[in-house]
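Work through the exercises below with the sequence and the model open side by side. Try each task before reading its solution.

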Amino acid sequence: MTKSSTTAAAAAGSGAKGAEPTGEFTHRQILTVLAGLMMGMFLAALDQTIMATATRTIADDLNGFNLQAWATTAFLITSTISTPLYGKLSDIYGRRPFFLFAIGIFIVGSILCGLSQSMYELAAFRAIQGIGAGGLMSLALAIIGDIVPPRERAKYQGFFLAVFGTASVIGPILGGFFAGADEILWIDGWRWVFYLNVPIGIAAMVVVARVLHLPHHRTDHRIDWPGALALIVGLVPLLTVAEQGRDWGWDSRRAIACYVIGGVGIVAFVLAERAYKDEALLPLRLFRNRTVAVGSISSTILGMAMFGGLMTVPLYLQIVKGSSPTVAGLQMIPFVVGIMAGSIASGQLIARTGRYRIFPIIGSILMATALGLFATIGADTALWKVMLIMVVMGLGLGGNMQPMITAVQNAVSPREIGVATSSVTFFRSMGGTLGTAVFLSVLFNVLPSKIRDAYLDVGIQAPAAAGGGDLSDTSFISKLPAALAHPFKVGFADGIQVVYLLALAVMLVGLVIVFFLPEIPLSQRSAQQQRADDAAASAAAH
C-alpha cells in the first residue's frame, strides 16, 4: 500500500474524537481496526466451538437432553437469516453502527443464556445471540473491503481465519473446563460458557467505537421488508427440518409441512427481490455477475463439504481413538495449522501477483484429496496419518475461503460490497447447515448395519448397547473389554467412510464450478477511496 496523506492519517487517528477519515488508512491504522473486528468475530467463532463440548452438560443440568438440538437450531436460524439483512442495511446506513449493534445484541444474548433455567429459555436466548452473530462475520469482511484495496485484502482477511483456527482449538478446551466445573465464583461452571463472552464483547465494542470511523454518505432507499419477511418464512421451516428431520422422519407430517411452507416462502422471496430490483435484500441482478454466481454456488458446496466432512473428525477421535472432548480439540491443531498456512500463503501471493483464481482451484483440489484420504481411514489407522490429512484439508480451506471473498468483493460496485460479502457468507452458512443435516442423517442411518457387520465378521455377538448404533450415549464403549469394543470402532469408522465419500462427491462438483471463476484484475484502491472518487466526480459534473 502507498502511505496515506498526512491529512488522512490525522483524521483517522482522531477518529475517537469524532473526526471522519478520508483517503487511505495506513498499515498501522488497519491493524488497529482489524483488532476490533477480530475480537468481534472471535465471539461468534468461540461460541460455536465452546458449545460443542458443553452442550450435553448444559442439557443435563436443565433437564432437557432431548431438547438440546433446539438450542443449536435457534442460533443457526437467526444468524443465517440476519446475515443478508446486515449486509444490505450497512450498505445504506454505514457499517459501524450495525457492527456495534451486532456485538451489543450478542452480549445481551450471552447474559440471558447464562441466566437460563430451562432448555426452552436457552433456545430462545440462543436465538437472540444468533441475531448478533449474523453480523459479526459478514460485516467484519465488508469493513476490510471498505478500507483495504482488493490486491492487499487477502493478507488481512487471512487474520480472520486465524481467529477461527484459534477458537476451534481453545473452544473445546474451555467448554470442557467450564462444563466439568461444578461452580466457579459461586456460579454453575457451564454458565461461564456464556458469561465469558461479556468482557470480550465489551472490549471489542470499545476498540471498534474508538478506531472505526469510516466516512459514509447516506443514500435513502426503500428497505426490502417484504423480502426479509419472505426469507424468514422460507428459511425457518427449511432450516428446522434440516436439523430435526432425522428425529421427526423426513416424510413425516411435520417435515412435509416445513417443505411446503418453506417452498412458498422461497417463491415469495424471489418475487419480492424481482419487484424491489436494485433495492432488494439480495438483488437478483448481482447473480448475473459470473463471479458472484460462482462464488455463491461454490460457497454453498464448500460449506457442505467443510461442515459435513469435518464434523465427523471429532467423533472419530473421541469414539474410535478414545480421546476426551478436550484432547480431541487439541488433536485438531494440525487442521488449524493447515488453515492458517493456506490462508497466509494465498494472501501473500495474491498481494504480490495480483492473481487469485488459481487459489480456489488448488484449494478445492486439496480438499477433495483430503476427503478421499479421510474415506480410507479405519479403526486402526495411525493417529499421525489422520493428522497429516487434517493439514491437507486445512490447506485447502485456507486457500479457498478468503480468495473467493476477495474475488466477489473485487467484482462488484463499492456500494454493494456489504450485500455481496453477506451473500457469500449466507450461502456458505446454508451449505453448512444442509451438509450437517444430510451427512449426519446418512451416518446415523448406516451405523447400525456397519456395526452389526463388524461384529459378524469376527463372529462375536454384538452387545445390546452397541447393536442399535445409538450414539446418544457412547460411554459404554470405554467399559467394554477390548475384544468387544474393537468391532464397534471398526463399524463406526466404516460408517464415517460413507460420509467422507459423499462429501468427496459434493466437493468434486464444487471443483468443477470453481473452474468457471473469471480472473478480473484486482483494484489497487479500496472501496472507500473509489466511493470518494465517484462522489467527487459526480459533484464536479454538477
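Predicted model: local features only at pLDDT ≥ 70, side-chain atom pairs only at ≥ 80, totals over all residues.

**Exercise 1. Find which residue forms a salt bridge with Asp-146, and decide whether the two partners are buried or exposed.**

Step 1. The partner of Asp-146 is Arg-95, with the closest N and O atoms 2.8 Å apart. The cut-off for a salt bridge is 4 Å, so this pair qualifies.

Step 2. Asp-146 belongs to helix α5 (residues 119-147) and Arg-95 to helix α4 (residues 95-114), so the bridge ties together parts that are 51 residues apart in sequence.

Step 3. Buried means under 20% relative accessible area. Asp-146 has 2% and is buried. Arg-95, at 5%, is also buried.

Step 4. The network of salt bridges to which both residues belong also includes Asp-91. The count for the structure is five salt bridges.

**Exercise 2. State which parts of the chain the salt bridge between Arg-285 and Glu-416 ties together.**

Step 1. The closest N and O atoms of Arg-285 and Glu-416 are 2.4 Å apart.

Step 2. Arg-285 lies in the loop between α10 and α11, and Glu-416 in the loop between α17 (401-411) and α18, so the pair ties together parts that are 131 residues apart in sequence.

Step 3. Arg-285 is partly exposed at 33% relative accessible area, while Glu-416 is buried at 16%.

Step 4. For another case, take Asp-188 and Arg-191, whose side chains meet in a salt bridge of 3.2 Å, N to O. Here Asp-188 is partly exposed at 26%, and Arg-191 is buried at 9%.

**Exercise 3. Classify the ring pair formed by Phe-287 and Phe-427, and locate its two members.**

Step 1. A pair of aromatic rings is described by the distance of the centres and the angle of the planes.

Step 2. A search of the whole structure finds seven aromatic pairs. In the pair of Phe-287 and Phe-427, the ring centres are 6.0 Å apart and the planes stand at 90°, so the pair is edge-to-face.

Step 3. Phe-287 sits in the loop between α10 (253-276) and α11 (290-310), and Phe-427 in helix α18 (residues 417-457), so parts that are 140 residues apart in sequence are tied together.

Step 4. Together with Phe-426 they form one aromatic cluster.

**Exercise 4. Describe the largest cavity by its volume and its lining.**

Step 1. The count is one cavity of 30 Å³ or more, and the largest cavity has a volume of about 50 Å³.

Step 2. The lining consists of Leu-85, Lys-88, Leu-89, Ile-92, Arg-222, Ile-223, Asp-224, Glu-279 and Leu-281.

Step 3. By class, five of these residues are nonpolar, none is polar and four are charged.

**Exercise 5. Check the span of helix α16 and list its buried residues.**

Step 1. Helix α16 (residues 383-398) has 16 residues. From first C-alpha to last it reaches 22 Å, close to the 22 Å expected at 1.5 Å a residue.

Step 2. Its buried residues are Val-386, Ile-389, Met-390, Met-393, Gly-394, Gly-396, Leu-397 and Gly-398.

Note on methods
Residues numbered from 1 in each chain as written. Heavy atoms only, no water. 1 Å grid on protein atoms, 1.4 Å probe; cavity = no way out; pocket = protein on both sides within 12 Å on 5 of 7 lines; lining within 4 Å. Points joined across faces, edges and corners; volume = space filled by probe spheres on them. Nonpolar A, V, L, I, M, F, W, Y, C, P; charged D, E, K, R; others polar. Helix = DSSP H or I, 4+ residues; strand = E, 2+ residues; numbered from the N terminus. Expected span 1.5 Å × (residues − 1). Buried < 20%, exposed > 50% of the residue type's maximum accessible area, 1.4 Å probe, protein only. Phe/Tyr/Trp six-rings, centres within 6.5 Å; stacked < 30°, edge-to-face > 60°.
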